[in-house]
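Dear colleague,

My notes on what was found in it follow.

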Amino acid sequence: MGISNIIFIVILIALAGLFAFQVSKIRRNILLGKDVDRSDRKGERFAMMARVALGQSKMVVRPLAGIMHIFIYVGFVIINLEVLEIIIDGIFGTHRIFAFLGGFYDILIGSFEILAILVLLACVVFLVRRNIGRIKRLHAREMTSWPKNDANLILIIEILLMTAFLSMNGADYVLQQKGAEHYVQAGAYPVSSLLLPVFGDLSISTLIGIERGAWWFHIIGILLFLNYLPISKHFHILLAFPNVYYAKLIPKGEFTNLSNVTDEVNLMMDPEADPYAAPPEPEEGAVPEKFGAKDVQDLHWKNLMDAYSCTECGRCTSVCPANITGKLLSPRKIMMDTRDRLAEVGKNIDQHGKDHNDGKSLLYDYITPEELWACTTCNACVDACPVNIDPLEIIVDLRRYMLMEDAKSPTEWNSMNTNIENNGAPWAFPATDRLKWAEEN
Amino acid sequence: MSEYIKVPTMAEMAAAGEMPEVLFWVGCSGSFDDRAKKITKAIVKILHAADVKFAVLGTEESCTGDPAKRAGNEFLFQMQAMMNIQVLDGYGIKNLITGCPHCFNTIKNEYPGLGGNYKIQHHSQFIQGLINEGKLTIQGGGVFKGKRITFHDPCYLGRGNNVYDAPRSLIEKLDAELVEMKRCKSKGLCCGAGGAQMWKEAEPGNKEVNVERTEEALGVKPNIIATGCPFCNTMMTDGVKNFNKEDETQVMDVAELIAQANDL
Ligand code: SF4
Ligand code: SF4
């Protein structure tokens with residue numbers, strides 16, 4: 001084992017460890033949310049995951065982006081097999097350890113190369129489309145400089161990684177042709193062999209320099225990229241599958257019934273209950289449960305997982321009737337705000353401990369009443385999301401807090417609610433007139 | 001003057017010791033809104049024509065609480081739900097139909113958690129059932145022959161509960177031409193009324209949602225924009241007026257189409 005293997009092992013452990021640490025923080029943040037049971041209907045959940053996450057069923061609704069995305073997605077999954085070989089080679093100082101697979105190895109390397117060039121092309125198309133094309137949803141209000149840079153950076157890194165991969169193979173191929181020591185004859189190089197005119201005349205030592213340089217760039221690049229994911233929208237590559245698996249399975253129209261409200265209503269409607277009885281003493285240190293959500297901790301963990309799974313693609317916003325007609329509401333922004341606020345809360349916990357209160361909240365400081373009130377609860381955003389994110393649940397929970405805890409609602413809604421309360425209809429018609437229609441002919 | 005239509009109430013039926021096959025849940029809009037009352041009557045005529053033994057709650061019916069819930073007033077919603085459940089259970093009612101997708105969604109999905117378990121159908125599903133069972137025959141080749149009809153999916157019927165085919169199957173019975181908008185079925189665009197928007201001004205923007213939707217509907221040059229929700233009906237009717245197209249395009253509920261086709 002040489003010095004370079006030791007360096008490799010140290011870098012590998014350090015960066016893998018850092019990644020595990022970052023993931024544990026995100027996991028902790030997601031679990032700040034309230035409990036919700038999504039352990040039921042496992043078969044249906046697997047089927048949904050197979051269809052939506054594995055099968056990308058919602059991506060192909062927009063064919064160009066869908067196909068390009070599939071190139072990158074399949075490329076990502078398959079090329080990772082190659083990373084396994086790179087890591088083993090790196091640890092033991094071997095070269096192309098899987099070469100013994102013979103013909104099968106040729107097929108593997110050959111298909112990696114084809115995928116790599118497809119990924120590269122797709123990333124170029126996406127970069128052009130994102131920056132030169134005028135696709136409305138990619139230039140909305142919430143797409144400020146960080147989300148834009150994040151998106152571009154991901155594409156550029158992927159282009160660099162794929163270029164390194166193909167250069168590595170190209171140099172290896174020429175070295176194999178020249179019979180260089182240590183470079184076993186293995187693999188098929190349908191794409192990188194095209195680099196022959198560039199690499200063919202170079203000396204063996206230069207080629208080894210290129211091959212080694214690209215090898216190191218590729219693997220360290222991947223490890224650094226891995227550590228970039230937790231602060232990027234690109235984290236969706238890890239959460240897309242579990243996020244789809246745990247998505248709501250009941251009809252989209254069904255909203256949860258708040259159980260703490262049910263308790264109170266039961267008490268109010270119970271003829272046996274003593275109206276003058278003092279409320280039961282709250283348990284020592286127990287915080288009374290809020291009605292609805294004001295901050296991220298009041299949402300449930302799946303809402304928070306949704307926030308970390310969002311790719312900021314804007315498909316939700318582009319079908320939102322409120323957003324289409326120029327209102328402030330954007331379901332994508334709801335998700336981005338939730339994630340930003342959650343990251344902030346997590347940072348506060350790291351720096352100041354669990355009970356720190358920074359005086360801010362998701363509602364009001366990040367998301368305004370005007371945005372929330374514009375929602376028609378139409379579920380178009382939920383339907384459109386390629387990873388089954390549900391912005392509507394968050395919207396409704398924030399609305400509940402505003403109305404029930406802060407008595408904040410548009411004045412017309414106050415009258416509507418008063419009417420329902422007094423005469424059982426959202427309009428001011430007397431309940432006794434309910435059957436009048438039958439007499440009017 | 002159309003003839004007087006008989007609408008039995010649940011109280012009368014119970015007093016006579018009888019039970020209806022289905023309870024027709026009329027809903028607030030269907031009870032009070034002038035346009036929606038016509039839909040209610042169309043449904044009643046169809047029920048009579050198919051000899052369905054039905055009743056309504058009449059003055060004992062109260063808002064399901066849907067708009068309160070969507071606005072965020074969970075208290076009021078649950079109060080309404082509990083009261084309605086008490087009334088329904090008091091009569092031992094198990095089967096309901098309704099003309100309103102919001103009532104449909106709420107009773108079907110949100111009442112069970114509060115102890116109210118019923119089988120409820122949207123009127124388009126129920127009418128489809130009547131036709132399939134041969135209790136109602138649609139006279140094709142009538143008033144709608146060759147007419148272009150587009151269907152606007154109500155959110156709480158379509159995306160909310162995956163009912164896309166029942167209303168369309170009714171339109172297909174009319175010898176009419178069903179033309180789809182680009183945004184239809186699970187991709188349908190909201191009319192703008194849901195989520196209690198019906199009862200307030202829209203937030204500042206550059207267009208009304210119903211205008212956006214009606215523009216799309218008028219784009220397929222329909223003679224009739226059909227829908228299955230009293231609120232969608234209001235929104236689309238206003239939208240058509242906004243474009244001064246009342247003479248060319250009518251907004252109708254699927255129940256009205258069926259009632260007219262059969263000259264009820
Ligand atoms: S549910 Fe609300 S946020 Fe989602 S698309 Fe409809 S109006 Fe927009
Ligand atoms: S919520 Fe879904 S559809 Fe909306 S931006 Fe995020 S990933 Fe895209």
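How far apart do the end C-alpha atoms of residues 149-236 of chain B lie, and what share of the span is helix and strand? Please bear in mind that this is a predicted model. The end C-alpha atoms of residues 149-236 of chain B are 14 Å apart, and this span is 30% helix and 10% strand. For residues 22-108 of chain B, the corresponding separation is 15 Å, with 61% helix and 13% strand. An unreviewed UniProt entry annotates both of these spans as "domain: Cysteine-rich".

Turning to the interface, chain A contributes 59 residues to the contact and chain B contributes 75. About 5,800 Å² is buried between the two chains, with 64% of that area on carbon and sulfur atoms. Four salt bridges are found across the interface of chain A and chain B; one of them joins the side chains of Arg400(A) and Glu74(B), at 3.3 Å from N to O. There are also 31 residue pairs in polar contact across this interface. On the side of chain A that touches chain B, the largest share, seven residues, is supplied by α9(A). By class, that side of chain A comprises 32 nonpolar, 14 polar and 13 charged residues.

Finally, ligand 2 has a shell of residues from chain A, including Cys310(A), Cys313(A), Cys316(A) and Cys385(A). Two elements of chain A, α11 (315-318) and α13 (331-352), each give two or more residues to this shell. The shell around ligand 2 consists of seven nonpolar, two polar and three charged residues.

With kind regards

Note on methods. Residues are numbered from 1 along each chain as its sequence is written. Chains are lettered from A and ligands numbered from 1 in the order in which they are written. This is a predicted model: local features need pLDDT of at least 70, side-chain atom pairs count only at pLDDT 80 or more; totals for chains, interfaces and linings use all residues. Side-chain values use heavy atoms; hydrogens and water are left out. A residue is near a molecule or strand if one of its heavy atoms lies within 4 Å of it. Helices (H or I, at least four residues) and strands (E, at least two) are DSSP runs, numbered from the N terminus. Ala, Val, Leu, Ile, Met, Phe, Trp, Tyr, Cys and Pro count as nonpolar, Asp, Glu, Lys and Arg as charged, and the others, Gly among them, as polar. UniProt positions are given in the numbering used here, feature names are shortened, and annotations may be inferred rather than shown by experiment. Contact means heavy atoms within 4.5 Å. Buried area is the accessible area (1.4 Å probe) that two parts lose on being put together, summed over both. A polar contact is a pair of N or O atoms within 3.5 Å; within protein, one must be able to donate a hydrogen and the other to accept it, and residues adjacent in sequence count only if both atoms are side-chain atoms.
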